[in-house]
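Thanks for asking me to look this one over. Here are my notes, point by point, to read with the structure open.

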Amino acid sequence: MTDVAVAVSAVRSPAVGARRGSRDVRRVLQLLLATAWLVDGLLQFQPFMFTRAFGTQMLAGTAQGNPSAIAHSITWGDLVVGHHSVVADSLFAGLQLLIAFGIAWRPALKAALALSMAWSVVVWWFGEGLGGLFSGTANPVSGAPGAVLLYAVLAVVLWPADRAGTNPRFVAARAVGTSVARGVWVVLWALLAWFAVLGVNRSPQRLNQLVRQMATGQPRWLAGLDDHVAGALAQRGLGVSVALAAALGVVAVGVFLPPALARATTALALVLGAAIWVLGENFGGIFTGTGTDPSSGPLLVLIAAAYWPSQRSASAELDRQSVAA
Amino acid sequence: MSGPGWLPDSFAGIMVAVSTYCSARLLLARHMRRRINVDINIAHVSMGVAMAGMLVPALTTLPTGLWEAVFVGLAAWFGWQSTVFVARHVGEGPPGDLHHVSHYLTHLVMSCAMLYMYFAASPASATNGGGMAMGAAGGTADYVGLPLFFLAVLSVSAVWHVDRLSVLSRQPVLVGGGGPGAEPGHVPSATLAAGRGSQPFLAPRAEMLCHIAMCITMGYMLVLML
């Protein structure tokens with residue numbers, strides 16, 4: 001019944017729309033975040049998720065390589081999930097749908113974002129094995145530092161609050177301020193850059209192996225793409241990893257650059273997020289019937305969109321520079 | 001259908017309820033002289049009944065071929081409406097008018113998603129001509145990008161409607177629209193929903209809820225086919 005919803009949208013006067021322009025961008029991003037949670041919740045309804053193997057094999061497999069105490073906690077939690085797979089998966093799916101609709105339902109927005117942060121941490125620990133941070137296998141191409149952690153980052157930077165007396169350069173700065181928002185950005189992208197050249201990721205065949213592993217269970221066209229990409233990466237892992245780390249590093253510092261350059265580095269972040277999603281993550285393995293979420297690519301794109309320098313702040317920057325001159 | 005049995009049963013129950021309610025809307029709107037989107041309600045009834053039959057074969061009502069014809073017709077209708085709307089309005093109307101295209105395009109996508117599900121699903125048995133077994137799409141395995149696209153559109157539509165619903169819930173619903181005595185600053189949602197028409201809209205929130213339920217159920221079925 002979109003006509004009714006359309007009428008509600010259309011009733012706003014142009015003046016109100018203009019005044020609320022930047023706020024609307026944040027709302028759009030919040031709704032995209034809600035959409036991501038909704039897709040996650042629906043994916044949780046896949047038949048495989050209701051089987052014992054989901055907990056005892058798929059989730060428990062993330063314990064490998066972690067320090068003993070962490071690995072034991074993950075194994076314990078995932079065995080509980082495996083032994084009560086139907087109830088546990090129903091709860092997971094219901095909770096994710098609840099978060100999605102809570103973010104979309106304006107009166108419940110704050111509660112839903114807070115719930116999403118808490119749930120993200122739980123899933124990051126028990127479902128993603130802390131993103132491989134402690135096992136030495138984290139690689140941005142395969143989703144490090146854990147896609148679900150990015151949901152928590154988004155919940156923070158899209159929190160529905162406005163710091164008084166600030167002229168935010170981008171949407172993400174509205175709730176936490178420019179300094180904190182920049183800090184979050186730098187930590188995130190610098191971590192990704194570090195992971196790209198960390199330990200085993202420097203080996204010549206690492207990227208080749210990662211891409212080849214992804215091809216298993218994919219549809220023919222995607223497996224074919226993986227085959228081509230893996231072939232191109234063969235024996236070139238180190239060079240590509242260094243280049244990727246350099247690009248991620250440029251993105252990390254881009255948030256401190258003037259608006260025009262910041263826009264270019266943010267565009268680079270968008271491209272990298274999309275490339276990682278398609279070439280490295282194969283759309284989060286959704287087509288294999290065992291994907292629990294679309295992985296980190298779309299979330300990196302969403303985060304980059306939240307840091308896109310706004311026109312208003314750009315003109316304010318020009319004014320400031322002309323005054324200084 | 002794989003997974004716990006109560007899940008498709010629950011979704012089928014929701015679809016039966018939505019179909020019944022939308023059928024009642026089609027009858028009541030005429031009787032009560034209220035506005036509704038007739039094409040949308042017909043689409044919801046058709047999709048609800050069809051999906052209930054796909055989820056629970058015992059609820060199958062029409063042969064697969066007939067359902068496919070129905071959804072080809074609905075897809076053609078919404079495609080034609082989108083084209084006509086774009087030809088008439090783009091560049092002329094206010095920005096809000098562009099959203100009206102989504103009204104048709106979303107239901108075009110839903111009709112195409114129904115067709116995809118019929119083409120992708122395999123017959124449950126040779127003797128049960130209408131029964132469909134949902135699951136991994138065999139012959140369509142190389143086209144799994146399609147259900148992902150459908151899933152994305154349906155998810156965005158559902159989320160957007162929940163957002164609009166929360167906005168609408170803050171507006172007072174006036175049966176007869178905003179008259180001279182209407183409180184300033186409050187825009188009667190019934191009038192809003194009716195758009196440029198003079199008749200108030202019939203239960204706009206309930207119709208939005210039906211659309212959300214339809215999107216979620218269809219999304220669930222598409223996920224089973226990934």
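How many of the 24 residues of α5(B) are buried? Keep that one in mind for point 2; please also remember that this is a predicted model.

1. **Chain B as a whole.** Let me begin with the overall make-up. Chain B has seven helices and two strands, and along the sequence they follow the order α-α-α-α-β-β-α-α-α. Of its 226 residues, 52% are buried. If you take the contacts between residues at least 6 apart in sequence, 74% of them join residues at least 24 apart. The accessible surface of chain B is about 9,800 Å², and carbon and sulfur atoms account for 66% of that.

2. **Helix α5 of chain B.** Here is the reply to the opening question: 18 of the 24 residues of α5(B) are buried, so the helix is mostly covered, with buried taken as under 20% relative accessible area. The helix runs over residues 145-168. From first C-alpha to last it reaches 34 Å, close to the 34 Å expected at 1.5 Å a residue.

3. The structure holds seven salt bridges over all chains. One of them pairs the side chains of B:D163 and A:R27, at 2.7 Å from N to O. This pair joins two chains, because B:D163 sits in helix α5 of chain B and A:R27 in helix α3 of chain A. Both of these residues are buried. B:D163 also meets A:R106 in a salt bridge, again at 2.7 Å, N to O. That pair joins two chains too, since A:R106 belongs to the loop between α6 and α7 of chain A while B:D163 is in α5 of chain B. Within chain B, B:D163 forms a salt bridge with B:R164, where the closest N and O atoms are 2.7 Å apart. Taken together, A:R27, A:R106, B:D163 and B:R164 are linked in a network of salt bridges.

4. B:D163 counts as buried because its relative accessibility is 1%, under the 20% limit. A:R106, at 18%, counts as buried as well. B:R164 is buried too.

5. For contrast, have a look at A:D226 in helix α12 (residues 220-233) of chain A. A:D226 is buried yet has no salt bridge, and the nearest side chain of opposite charge, A:R212, is 8.9 Å away. A salt bridge needs nitrogen and oxygen within 4 Å, so A:R212 does not qualify as a partner for A:D226. Leaving aside residues up to four places away in sequence, A:D226 touches A:V211, A:M214, A:A215, A:Q218, A:L279 and A:N282.

6. **Two positive phi angles.** A:N282 is in the loop between α14 and α15 (296-306) of chain A, and at 0% relative accessibility it is buried. A:Q235 likewise is not a glycine and has a positive phi, of about 65°. A:Q235 lies in the loop between α12 and α13 (237-254) of chain A. Is A:Q235 buried or exposed? A:Q235 is exposed, with a relative accessible area of 58%.

7. **A cis peptide bond.** A:A144 and A:P145 are joined by a cis peptide bond, with omega about 5°. A:P145 is placed in the loop between α7 (109-126) and α8 (147-157) of chain A.

8. A:V28, A:L32 and B:V156 make a nonpolar surface patch of about 230 Å². A:L32 lies in helix α3 (residues 21-43) of chain A and is partly exposed, with a relative accessible area of 37%.

9. In helix α4 (residues 52-59), A:A53, A:F54, A:G55 and A:L59 are buried. Their cover includes α5 (68-83), α6 (85-104) and α7 of chain A. Further along, A:L272 in helix α14 (residues 259-280) is buried at 12% relative accessibility. A:L272 touches A:L244, A:A247, A:L248 and A:V251, not counting residues up to four places away in sequence.

Definitions and conventions:
Residues are numbered from 1 along each chain as its sequence is written. Chains are lettered from A and ligands numbered from 1 in the order in which they are written. This is a predicted model: local features need pLDDT of at least 70, side-chain atom pairs count only at pLDDT 80 or more; totals for chains, interfaces and linings use all residues. Side-chain values use heavy atoms; hydrogens and water are left out. Helices (H or I, at least four residues) and strands (E, at least two) are DSSP runs, numbered from the N terminus. The expected span of a helix is 1.5 Å times one less than its number of residues. Buried means under 20% relative accessible area, exposed over 50%, partly exposed in between (1.4 Å probe, protein chains only). Contact means heavy atoms within 4.5 Å. Accessible areas come from the Shrake-Rupley method with a 1.4 Å probe; for residues, only the protein chains shown count as cover. Lys and Arg count as positive and Asp and Glu as negative; His and the chain ends are not counted. Patches are made of residues with over 30% relative accessible area and no salt bridge: like charges are joined within 9 Å, nonpolar side chains (Val, Leu, Ile, Met, Phe, Trp, Tyr) within 5 Å.
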